[in-house]
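I am opening my notebook on this structure. I want to look up backbone angles and aromatic rings.

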Amino acid sequence: MFPSVWRFHVSPYVNDGVDWLLNRFATGFDGISVFISSILSAIQTGLNFIPWWLYVVLVGFAVWRSTGKKVSAILLASLTVCIGLFGLWALALETLSIILASVLISLVLGIPLGVMIAEYPRSASFMKPILDGMQTMPSFVYLIPAMMFFGLGKVPAVFATLIYSMPPVIRLTALGLQQVPKPAQEAAIAYGATRWQLLKEVRIPLAMPGIMAGINQTTMMALAMVVVCAMIGARGLGQEVLLSINRIDVGRGFESGMSIVIMAVVIDRITQGLGKKWEPKKR
């Protein structure tokens, strides 16, 4: 057994730090909560305004435009109807609103951070350990600070999902920029491109396949985390999964699980197809 006299717990210091943050920056957390709530409210209002049949059409059109496959477009559009047949359409829209809000904030924060890592390699030594911790920390742990800072509901769900899903877009944005061919950059510099022009006109366009892969992975991780966030009152399809577990209702769990799978497949196919459109054409 490990010697008991050597034990040292950091949990009291962590709890004291959280209490200090809550007491010192309570107004700031309230402002963040209002900001996230406004984004969620706007997205939710927009989603509820669209009729269900238009969603089906939009899914088919988006899949067809991104992949170029009519059969896949018809199949995925038909599968989307199953969510409504299960009576889970409203809950699916709630889940979608949390995903969209989380992914939007993740991209606004993550892509610039990925650019910073690629432009300033020294920042990678500081960012990589943080990203490693964000990706390896069990997803349930993120629910604790989210509840402490923002209470229960959709706002802490967005906060927890944001932390969990942001690392892929940061890493893959940086990787895509670092893998831009040197000859292309040297040619742009030879023509007098500034550092900003080089980044905007050459490096980012050539790194778009990697950036789109990061967006795809961030979206998938956000969808997975939204289900976990049902434990802190996020509602949506995750709530149905949680209720089916508590009541050992296999049928209800199957319907809600299949609805999540359908949403994941649709989002994955669309984002993957958009990523492939940015890949250089083979001669």
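In which loop is Arg235 found? I find Arg235 in the loop between α11 (195-228) and α12 (237-247). Helices here are DSSP runs of H or I with at least four residues, strands are runs of E with at least two, and both are numbered from the N terminus.

I note that this is a predicted model, where local features need pLDDT of at least 70, side-chain atom pairs count only at pLDDT 80 or more, and totals for chains, interfaces and linings use all residues. Residues are numbered from 1 along each chain as its sequence is written, and side-chain values use heavy atoms, with hydrogens and water left out.

Next, phi. Most residues other than glycine have a negative phi. Arg235 has a positive phi, near 60°. Ile248 also has a positive phi, near 50°. I place Ile248 in the loop between α12 and α13 (250-277).

Then exposure. Buried means under 20% relative accessible area, exposed over 50%, and partly exposed in between (1.4 Å probe, protein chains only). Arg235 is partly exposed because its relative accessibility is 38%. Ile248 is exposed, at 71%.

Now the rings. Rings of Phe, Tyr and Trp (its six-membered ring) pair if their centres lie within 6.5 Å; planes under 30 degrees apart are stacked, over 60 edge-to-face, the rest tilted. I get nine aromatic pairs by this rule. One of them is Phe149 with Phe150, edge-to-face at 6.5 Å centre to centre and 75° between the planes. Phe149 is buried at 16%, and Phe150 is buried at 11%. Phe29, Phe149, Phe150 and Phe159 form one aromatic cluster.
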